[in-house]
Amino acid sequence: MIPESVKIIEDAAHCFEGTRDGRRPGQLGDAAIFSFYATKNVTCGEGGAVVTNDLALADALAQTVQHGMSASAARRFEGHTYRHWDIARLGTKANLPDLLAVLLEPQIAEIDLQLQIRERLCRRYEAALAGTPFKWPTIDADAVSARHLFPIHVPGGARDAVLNALGEAGIGATVNYRCVPALSLYRTAQAQLRFPISWHWGEGTLSLPLYPSLREDEQDEVIAALRRSIATTGLSGAEPAPIAF
Ligand SMILES: Cc1ncc(COP(=O)(O)O)c(C=O)c1O
C-alpha cells in the first residue's frame with residue numbers, strides 16, 4: 001500500500017501511445033509528463049504537457065510555468081474587466097506557446113496509424129537481426145510500446161565501432177541514453193565499477209533509424225550495413241559483455 005504522502009510522477013516523455021494492462025500514462029500515477037521535444041513521436045519542437053486529476057496541482061503548475069503569476073496575460077481580461085494578477089509562488093517561464101501547440105493536434109489524430117507503422121518497422125528489425133550478436137529490449141505481453149526508439153546493445157565494447165561503420169555508410173544511428181556516471185560532469189574514477197549495469201547499457205547501446213517515413217528499402221540498407229559491421233568489427237566471435245546484477 002502506497003502512503004498518501006507519496007506521489008507518483010510518471011516520466012512518459014516519449015510514451016504518448018503506450019499502455020500497460022490497458023492503462024495509459026497518467027492513469028496510474030498522480031501526474032504524468034510528456035515531452036514534445038523535436039525527437040519525440042508527437043512534437044512541436046520543444047515543450048511538453050503534464051496530465052493530472054489533482055486540480056490543486058494543475059492550478060499550481062499553470063502558475064509555475066508563468067513566473068508564478070495567478071493569471072496569464074489573456075486571462076486577466078476574462079469577464080471584460082481587467083483583473084489584477086498576483087505572485088504567491090515561485091515560478092519560471094516554461095509555458096508552451098499556442099503557436100507551437102497548434103502543431104500537435106493533427107499529429108495526435110494520426111497517432112494510431114503512426115504507431116502501426118513504427119510497430120511494423122520494429123518487427124522488421126527484430127526479424128532481420130535475430131541470430132546476430134545484437135540484443136534489444138523485449139516488450140511485455142501486457143504492454144503496448146510507443147516504439148519511440150529501436151535501441152540495440154552491441155557486445156564486446158564494439159558499440160562505437162559499429163556506430164562509425166553505420167556513419168560511414170551514411171546511416172544516422174545515434175546514442176540516446178549515455179550512462180550518467182560516464183559523463184564528464186559526474187564521472188569518478190570508480191564509475192564503471194560502481195555502476196556496472198548503467199555502464200553496460202549506456203556505453204554499449206545505439207539507436208537505429210526509426211521514423212514512420214522510413215522506407216523498407218532504406219531500412220534494408222541499415223540492416224545490410226549492420227550485418228557488414230559484424231564482420232568488420234570482429235563481432236562474429238565476440239562474447240557478450242558480462243552483466244553484474
Ligand atoms: C525519458 C525522458 N525523460 C525526460 C526527457 C526530457 O524531455 P524534454 O527534452 O522535453 O525536457 C526525455 C527526453 O528525451 C526523455 O527521453
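# Pocket, cavity and a helix crossing

Visitor: By class, how many residues in the lining of the largest pocket are nonpolar, polar and charged?
Guide: The lining has 19 nonpolar, 10 polar and eight charged residues. Ala, Val, Leu, Ile, Met, Phe, Trp, Tyr, Cys and Pro count as nonpolar, Asp, Glu, Lys and Arg as charged, and the others, Gly among them, as polar. This is a predicted model: local features need pLDDT of at least 70, side-chain atom pairs count only at pLDDT 80 or more, and totals for chains, interfaces and linings use all residues. Residues are numbered from 1 along each chain as its sequence is written, and side-chain values use heavy atoms, with hydrogens and water left out.

Visitor: What makes it a pocket?
Guide: A pocket is an open set of points on a 1 Å grid over the protein atoms alone, with protein on both sides within 12 Å along at least five of seven lines. Here the largest one holds about 920 Å³ of space. His14, Cys15, Ser145, Ala146 and Arg147 are the closest to its centre, out of 37 lining residues. Lining residues have an atom within 4 Å of a point.

Visitor: Which element gives the most to that lining?
Guide: Strand β6 does, with four residues. Strands (E, at least two residues) and helices (H or I, at least four) are DSSP runs, numbered from the N terminus.

Visitor: What makes a cavity a cavity?
Guide: In a cavity a 1.4 Å probe fits but cannot get out. The structure holds one cavity of 30 Å³ or more. The largest cavity has a volume of about 40 Å³, a volume being the space filled by probe spheres set on grid points joined across faces, edges and corners. Its lining includes His14, Cys15, Phe16 and Lys40. That lining divides into five nonpolar, three polar and two charged residues.

Visitor: Why are α5 and α8 called oblique to each other?
Guide: Their axes cross at roughly 135° and come within 9 Å. Axes are lines fitted to C-alpha atoms over the stretch in contact, and angles run from 0 to 180 degrees between N-to-C directions. Under 35 degrees counts as roughly parallel, over 145 as roughly antiparallel, 65 to 115 as roughly perpendicular and the rest as oblique. So α5 and α8 are oblique.

Visitor: Which residues in α5 and α8 meet?
Guide: Val162, Ala165 and Leu166 in α5 meet Val222, Ala225, Leu226 and Ser229 in α8 (contact means heavy atoms within 4.5 Å). By class, six are nonpolar, one is polar and none is charged.

Visitor: Where does Asp21 lie?
Guide: Asp21 is in the loop between β2 and β3. Its phi is positive, about 50°, although Asp21 is not a glycine.
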